[in-house]
Every structure is written in C-alpha cells, then in structure tokens.
Amino acid sequence: MHVSQRRSAGLGLALASALTFGSSGVAAKPLIEAGLDPLQVTWLRAAGAALLLLPVAWHHRSLLVRRPALLVGFGLLAVAGVQACYFAAISRIPVGVALLIEYLGPALLLGWVRFVQRRPVSRAAAVGVALAVGGLACVVELWAGLSFDALGLLLGLGAACCQVGYFLLSDHGGDDAEPVDPLGVVAYGLLIGTLVLTVIARPWGTDWSVLGGRADLNGTGVPAALLLLWVVVVSTVVAYLTGVLAVRHLSPPVAGVVACLEAVVATVLAWVLLGERLSAPQVLGGLVVLSGAFIAQTSAPRRDPAAPVAGSPPAADGAQGPASPAGRLASGDGGRAGAGAVPEGDTELSEGSQTT
C-alpha cells in the first residue's frame with residue numbers, strides 16, 4: 001500500500017473510531033433513564049464486548065503468564081473505572097459535559113509527571129493544562145456557582161483520573177523483546193473488568209424486562225435491546241478495532257487530532273438525539289478544553305533512554321520508540337483504550353482522551 005493510501009485508510013479508520021466511541025453515551029443514557037443502573041449498563045457493555053472478543057483472548061492467552069499485572073491494572077482502570085465513572089456521570093449531567101471533563105485526563109497526566117515523578121514539563125504543556133482547566137470552568141459555568149450536579153462532576157473527574165491510569169499502563173510492554181499486542185490487552189482488560197464489575201454491579205438484580213421494552217430517545221421510542229446492541233458491538237468492539245488499525249496506519253499525534261472529534265461527535269449527537277443543548281460559553285469552553293488537551297498530549301516530554309521504563313509517559317512524536325498518549329483508542333467515552341506496542345513497527349498504541 002502506498003504511503004498516501006495508507007494515510008487515507010488510517011484517517012478513515014480513526015474517524016470511524018471517533019464516531020463509534022462518541023456514540024456510546026447517547027445510546028447508553030436512554031437505557032439508564034429507562035430503569036437500568038449505570039453500573040449495570042457498564043457491566044452489560046463490558047460483558048458483551050468481552051464475549052465477542054473471547055477468540056482474541058484465547059489467541060493471546062500467553063499474556064496471562066507474561067503480563068498479569070498489566071492485564072489486571074488495565075481491567076480495573078481503563079475498563080471498569082473509566083466506563084463506570086463515565087456512565088454514572090452521564091446519568092446526572094449532559095453527555096457532552098461528562099466527556100469534556102474526561103478530557104482533563106491528559107492535563108492530569110502532566111501533573112503526575114511534574115509533581116509525582118518530578119520530571120520537567122515543557123512550557124507548551126503547562127499552557128495546555130491551563131487551557132484545559134480554564135475551558136472546564138466555562139463548561140461547568142463556574143460563575144453561576146456550580147449549577148451542575150456536584151456528584152456528576154466528581155464522577156466525570158473520576159473518569160479522567162482512571163484515564164491517567166490508562167496512560168501510565170499504556171507505556172508498559174512496548175520495550176519487551178516480544179511486544180505486547182494491544183488487542184490481547186483490550187480483550188483481557190474487558191474480561192477482567194467484567195469480573196470486577198460483576199461484584200460491584202450485581203447484574204443478577206437487573207430488571208431484564210427493561211431490555212424487552214422501549215427507551216425514550218428525545219420523544220421517540222427505540223427498542224432498548226437495539227440500543228444495548230449498538231453500545232456493545234459498535235461503540236465498543238468496532239470502536240476498539242478501528243482505533244487499533246488507525247494507529248497502525250498513522251502516527252499517534254495525527255490519530256490524536258482525529259480522536260478529539262469524539263467529544264464533538266458526542267456533544268452534537270446528544271444535542272440532536274437527546275435534546276441536550278449547551279450554551280455558547282459552554283461550547284466555547286469545550287473547544288478550549290479540547291485545545292488544551294491536545295497541546296498537553298503532544299507536549300509530553302521525551303523519555304530519557306537511561307530512565308526506567310515503568311511509569312514513564314510516552315514520547316511526543318510519532319518517531320520510533322514509545323509514542324505519546326495521543327491516539328485515543330479507549331476509554332472518552334470512558335472505555336476506549338489500547339496498550340503496549342503495535343507488532344507492526346515501533347508505534348505504540350495509546351490513547352489521547354479513553355476509555356468512553
């Protein structure tokens with residue numbers, strides 16, 4: 001395949017990933033409003049996707065022995081944590097707002113690098129963090145005295161914090177003699193996340209009759225089972241696979257630019273399909289959040305070759321070696337992610353915004 005054809009294919013796949021991930025909140029919120037608990041919707045999403053990816057998990061079963069800690073961490077944070085917090089957040093605040101709050105993940109990651117790892121960050125990265133925080137103040141209309149649901153905002157921040165855990169985990173496995181295949185990590189992350197969510201969500205108490213009825217989509221009755229099918233197949237399985245393939249064709253920064261469309265897609269879909277309209281200051285603040293998140297992602301410091309691998313953030317460009325967390329493959333909706341290195345070449349699969 002020629003370079004131009006490969007790039008075009010990569011852009012198409014990245015766009016498809018952003019579109020499919022961005023639609024998860026719009027499909028899940030009517031299910032929550034119909035009577036399902038946010039944690040139950042999260043469990044149904046993870047369990048359904050894990051079931052479909054069982055063949056992938058079996059193919060990569062050696063990961064259970066090679067990298068058990070990575071798989072457990074990925075399942076807890078990138079799958080269970082991000083998705084549970086995101087779905088719980090959208091049950092209380094608008095979908096677009098929840099996803100924009102989750103985009104604070106890259107800014108929080110830079111804070112981890114600066115204050116926990118005590119590594120210097122560039123001035124551009126600091127500007128990106130300031131923009132993201134300032135934009136968030138506009139999104140929640142801070143001047144109105146936090147009129148938004150405080151618990152919903154905290155849940156959105158919880159999703160962003162879990163996303164930071166993904167960013168750190170995504171750096172593991174890329175330097176192994178036998179690189180970790182991100183598809184295997186995703187498959188086992190969903191399996192482990194499902195096991196954890198089973199204990200928390202207690203799906204045996206689910207009102208299964210809800211799935212046999214209809215859910216309200218801004219005044220239109222839609223089969224609840226169809227919405228769940230969309231969340232599992234399109235917004236999870238298809239979204240992960242297209243995201244993985246996109247990063248194989250593009251550099252992480254380019255994939256990260258396209259991934260920022262996820263928040264735009266989610267906000268527009270929520271506006272059109274759910275009637276969740278944002279004010280002009282909120283829209284402007286959302287654009288500032290996305291700009292700050294992207295600057296923070298692409299300004300992450302390069303790893304010192306002599307420094308230890310564990311916990312180090314990826315490099316900022318698309319050159320050989322570990323890449324920046326710019327190509328979001330998981331988890332905005334809170335659930336999208338990929339980890340480790342892509343077998344073809346040295347581009348590491350990473351996420352530029354998560355696990356929705």
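Reader: Which residue forms a salt bridge with Arg 92?

Author: Asp 149 does, with the closest N and O atoms 3.0 Å apart. A salt bridge here is a side-chain nitrogen of Lys or Arg within 4 Å of a carboxyl oxygen of Asp or Glu. Please note that this is a predicted model, in which local features need pLDDT of at least 70 and side-chain atom pairs count only at pLDDT 80 or more, while totals for chains, interfaces and linings use all residues. Residues are numbered from 1 along each chain as its sequence is written, and side-chain values use heavy atoms, with hydrogens and water left out.

Reader: Where are Asp 149 and Arg 92 in the chain?

Author: Asp 149 is in the loop between α9 (123-139) and α10 (150-169), and Arg 92 is in the loop between α6 (68-90) and α7 (95-102), 57 residues apart. Helices (H or I, at least four residues) and strands (E, at least two) are DSSP runs, numbered from the N terminus.

Reader: How many salt bridges does the count come to?

Author: The count is two. The other pair is Glu 276 and Lys 29, with an N to O distance of 2.5 Å. This pair links distant parts of the chain, 247 residues apart: Lys 29 belongs to helix α2 (residues 24-33), and Glu 276 lies in the loop between α14 (261-274) and α15 (280-298).

Reader: Is Lys 29 buried or exposed?

Author: Lys 29 is buried, at 8% relative accessible area. Buried means under 20%, exposed over 50%, and partly exposed in between (1.4 Å probe, protein chains only). Glu 276 is also buried, at 14%.

Reader: Changing topic, which residues have the most contacts inside the largest nonpolar core?

Author: They are Ile 90 and Leu 190, in a core of 76 residues. Helix α6 gives the most to this core, with twelve residues. A nonpolar core is a set of buried Ala, Val, Leu, Ile, Met, Phe, Trp, Tyr and Cys residues joined through side-chain atoms within 4.5 Å.

Reader: And what is Leu 190 in contact with?

Author: Leaving aside neighbours within four places in sequence, its partners include Ala 46, Leu 53, Val 79 and Tyr 240. Contact means heavy atoms within 4.5 Å.

Reader: How many disulfides are there in the whole structure?

Author: The search finds zero. A disulfide is a pair of cysteine sulfur atoms within 2.5 Å.
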